[in-house]
Amino acid sequence: MFFRVSALLTYTLCGWFSSSFITNFIVVVLLLSMDFWAVKNITGRLLVGLRWWNYVDEKGESHWIYESRKGIGSIQVSSAESRIFWLALVICQVVWCLLFIGAVFRLSLKWLMVNSATRPATNNAASEMDQY
């Protein structure tokens, strides 16, 4: 959650520290990349058993597999920690969507790249939820 909040703070306060758009853009993207890595490899796996991967079948079609731990797992995590994890994921996406709308109304076209990159992409590939 540190990287996610840091990215939001950097985005909202970047004008105070630097007037260079490129520097601010790179810092925000790096923080969001570190957040993605931390959620995928550490916090998501430990707190909720979150895993996902992609494989290509013999026909060349891409398939996404999503898993999350249901019920009793090998690692006992409190339900409060699990809820905080999921709420943080959802709330930050809502905040980025609001910032996107704000950038549209301000006609801040260069910041639309950052805002649109942080919104979840739609995926037309087949996805499955398996028990982990």
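**Overall fold.** I began with the secondary structure and found four helices and three strands. Going along the sequence, I noted the order as α-α-β-β-α-α-β. I am working from a predicted model, and I kept that in mind throughout. The chain has 132 residues, of which 29% are buried. I also looked at the contacts between residues at least 6 apart in sequence, and 60% of these join residues at least 24 apart.

**Confidence.** I checked pLDDT next, and the chain averages 75. A score of at least 70 is reached by 77% of the residues. Where does pLDDT stay under 50? I found that stretch at residues 122-132, for which the model has 27 contacts beyond four places in sequence.

**Nonpolar cores.** Which residues make up the largest nonpolar core? I listed nine: Ala7, Leu8, Tyr11, Val28, Leu31, Leu32, Cys92, Trp96 and Ala103. Helix 1 (2-17), helix 2 (21-48) and helix 3 (79-106) are the elements that each give two or more residues to this core. I then came across a second, separate core of five residues, with Val39, Val48, Leu50 and Trp52 among them.

**The salt bridge.** How many salt bridges does the structure hold? I counted one. Its partners are the side chains of Arg4 and Asp35, at 3.1 Å from N to O. Arg4 sits in helix 1 and Asp35 in helix 2, so this pair ties together parts that are 31 residues apart in sequence. Are the two partners, Arg4 and Asp35, buried or exposed? I found both of them buried.

Asp35 has a relative accessible area of 10%, and it is buried because that is under the 20% cut-off. Setting aside neighbours within four places in sequence, I see Asp35 in contact with Phe3 and Arg4.

**Ser6.** I moved on to Ser6, which is also a helix 1 residue. Its relative accessibility is 16%, so I put Ser6 down as buried. What lies 2.7 Å from a polar atom of the Ser6 side chain? I traced that to the backbone oxygen of Phe2. I also took the C-alpha to C-alpha distance from Ser6 to Val28, which is 8.2 Å for two residues 22 apart in sequence. Val28 is already in my notes as a member of the largest nonpolar core.

**His63.** With 17% relative accessibility, His63 counts as buried. Which side chain makes a polar contact with the side chain of His63? I found Asp57 there, at 2.9 Å.

**Record check.** Last, I opened UniProt, where an unreviewed entry lists residues 7-32 and 84-109 under "transmembrane region". I compared the 7-32 range with the model: the chain there is 88% helix and 0% strand.

How values were computed
Residues numbered from 1 in each chain as written. Predicted model: local features only at pLDDT ≥ 70, side-chain atom pairs only at ≥ 80, totals over all residues. Heavy atoms only, no water. pLDDT = per-residue confidence, 0-100. Contact = heavy atoms within 4.5 Å. Core = buried A, V, L, I, M, F, W, Y, C linked by side-chain atoms within 4.5 Å. Buried < 20%, exposed > 50% of the residue type's maximum accessible area, 1.4 Å probe, protein only. Salt bridge = Lys/Arg side-chain N within 4 Å of Asp/Glu carboxyl O. Polar contact = N/O pair within 3.5 Å; in protein donor to acceptor, adjacent residues only side chain to side chain. UniProt positions renumbered as here; feature names shortened; annotations may be inferred.
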